[in-house]
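The sequence and the model are shown first.

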Amino acid sequence: MKTATIAILTMMAALGTSAQTTCGVDRANLDTSVAPGADFYDYACGGWMKAHPLKPEYSRYGTFDQLGELNRSQVRDLVLGLDAATAEPGSNAQKIADLYAMGMDSVRLNAEGAKATLLDLGRIYCTDRDGIIDLMATLPGVQAFFGTGVEADMMNSDLNVMYWGQGGLGLGDRDYYLEDSDNARRVREAYIEYLTTIARLAGLDEENAARLAANSMRIETALATAAMSREEMRDPAAGYNPRTVAGLAAEYPHIDLARYFRGQGLDGVENIIIGQPRSYAAVDSILASEDLTALRDYLAAGYLDSAAPYLSDDFVDAGFRMSQVLSGVEQQQPRWKRALAVPNGMLGEALGELYVEKYFPASSKEKMLTLVGNLRTALGKHIDDLTWMSDATKARAHEKLDAFTVKIGYPDKWRDYSGLAIDPSKPYWNNVQAAILFNQEFNNADFGKPVDRDRWYMSPQTVNAYYSPLTNEICFPAGILQEPFFNPEADDAVNYGAIGVVIGHEMTHGFDDQGRQFDKDGNLSNWWTDADADAFNALADSLAAQFDAIEVAPGVHANGRFTLGENIADQGGLRVAYTAYHNALGDGGETIDGLTPDQRFYLSYANVWAGNIREAEILKRTKTDPHSLGRWRVNASLRNIEPFFAAFGITEGQPMWRPVAERVVIW
């Protein structure tokens, strides 16, 4: 998936139980000892949760992960069917098979230890101050200070331009560095221990390893202090700050962007869009004020963190201990899963071509197109029925809805990987570096060119879906469109409650708090009247407040502003899919196993999010995941929806009930 200044809005969708075929909802998923009006999530998913206790290798395990396991097994079978020894050298088959085999070769990896990093570490510790920008530009694995990438211009979505974004945080989220909480302190302590450990494993003595960790932590904390919060990052306009490279050089002389881009083989980068100006200024200050040893340590720490998963077991184990603190996971994934993730991610479309040939029939694509058409019609009706929106804005909303590009299954043209060489005579990490560089050059090659609107930003085997505001497209890869999650033979109520809600969710992203700021062509443009924008914002504020009030762990609340886009899309997906279901099938429909069509619809949606989760993972996701936790994607969203109350006879006085005056309905 491409690096983006505006994060592609995704829904982490999931499947129902494998027992669910042409019948309705699998009653084994339910816990009928809980009343639907008391806690609908426990009622709908309690049986599944009891039957699927949390596996040690997971910090969260749900029906989504079930589908992920099925998908992973499918991809593994494809990879094991490839023979690098007989494959044509340079073919996709050879590259995939060799890359997987290198990840599986524990004997070689443990014998080589840190050998693959020594030359690069030598470059880092021999660099002068001017050479730091060269290493950031040319050394795969150095993740320091910032990132750059090519993407459509938010103000001219037909043209690809260069973006600059804040980065350089090994812990990923700024709050881990800044918060004064027990959990944040625990994470910081574990991170210092992790950096010290991998530095020692790379050959530094105890004193120098401790120095590296301390220097890196100090620099990362300074970057975190200047970084935009995740809530601030949700404002597209705040991330659009066009500047000239020459002007930046005059104001911030210690960041030599011209030299950086020359190092990447890019000529003519005269203009760039700065995502976070405050962070840009902080990077310049750090480069000016920190001593050279500290800067080298910081680069080395980030580099070793990138390399660690592809080195010997002691490096991998150090990373796992860090992840235990962050997520609470108890057991490392087996080697085959870790090894498979590398070709699956770095040669995604090469594997995708094999995947769709075996697992995605053309009939599924046709049926999905029908579903999408039904959902589009339903969303149009919802727009027409809005009482808070003027006719002028409704007309513009219809223009955007009609302009949606729909991508289903797989791209029409497959990506060319002939420029990537995978050489098994070289260490595993060095081959991964080659793939990193190849993908970076692939992205950079689009600079200054027209946007390719046929390009996909997920591989076909990905178990997910997305909406992109810059291309106004919705995409449903083949990986999510398989039995039993999407089963053409299944009960219609179940399909509409699962894949139908996914479709509606992605469509609604075009009109959430971020997506609504882009027009039908993908340009950042205000197509709303002031009164309509005010009305939307008032409703969005109320929805954010609902989720802010949820206590996800003792003393810890959900972040309704950070998750606002996904919460709007969940609610919209539920409402639009329900309308599409009844438009297509009428108000009739048989009762199956004691459950009405409406009950099966809402139970199917809830089963998408059935799962068990560790408390540490709850804390982590509350900081880093723009999606609400599964329990609240169900309970909090459904408490705004009138047909849900009617379907299960939920009335005033029951915990799931929300008074009409307190309900928030946007789309």
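## Aromatic pairs and helix packing

A search of the whole structure finds 41 aromatic pairs; rings of Phe, Tyr and Trp (its six-membered ring) pair if their centres lie within 6.5 Å, with planes under 30 degrees apart counted as stacked, over 60 as edge-to-face and the rest as tilted. The model is predicted, so that local features need pLDDT of at least 70 and side-chain atom pairs count only at pLDDT 80 or more, while totals for chains, interfaces and linings use all residues. Residues are numbered from 1 along each chain as its sequence is written, and side-chain values use heavy atoms, with hydrogens and water left out.

Two of the pairs are set out below.

| Ring pair | Distance between centres | Angle between planes | Class |
|---|---|---|---|
| Phe40 and Tyr43 | 5.9 Å | 45° | tilted |
| Phe645 and Trp657 | 5.0 Å | 50° | tilted |

Phe40 and Tyr43 are three residues apart in helix α1 (residues 40–51), and are therefore separated by about one helical turn. Helices are DSSP runs (H or I, at least four residues), numbered from the N terminus. Both Phe40 and Tyr43 are buried, that is, under 20% relative accessible area, whereas exposed means over 50% and partly exposed in between (1.4 Å probe, protein chains only). Phe645 belongs to helix α26 and Trp657 to the segment after α26, so this pair ties together parts that are twelve residues apart in sequence. Phe645 and Trp657 are likewise both buried.

Beyond residues up to four places away in sequence, Pro655 touches Gly37, Ala38 and Arg639, contact meaning heavy atoms within 4.5 Å.

Lys365 lies over the face of Tyr410, 4.6 Å from the ring centre, and the charged end of Lys400 sits over the ring of Phe511 at 5.7 Å from its centre.

Elsewhere, helix α9 (residues 206–226) packs against helix α13 (residues 292–307) at an angle of about 90°, with axes 8 Å apart. The two helices are therefore roughly perpendicular to each other, the term for angles of 65 to 115 degrees. Among the residues making the contact are Arg211, Leu212 and Ile219 of α9 and Leu295 and Tyr298 of α13.

Conventions. Axes fitted to C-alpha atoms, helices over the stretch in contact; angles between N-to-C directions. Parallel < 35°, antiparallel > 145°, perpendicular 65-115°, else oblique. Lys NZ or Arg CZ within 6 Å of the ring centre and 35° of its normal.
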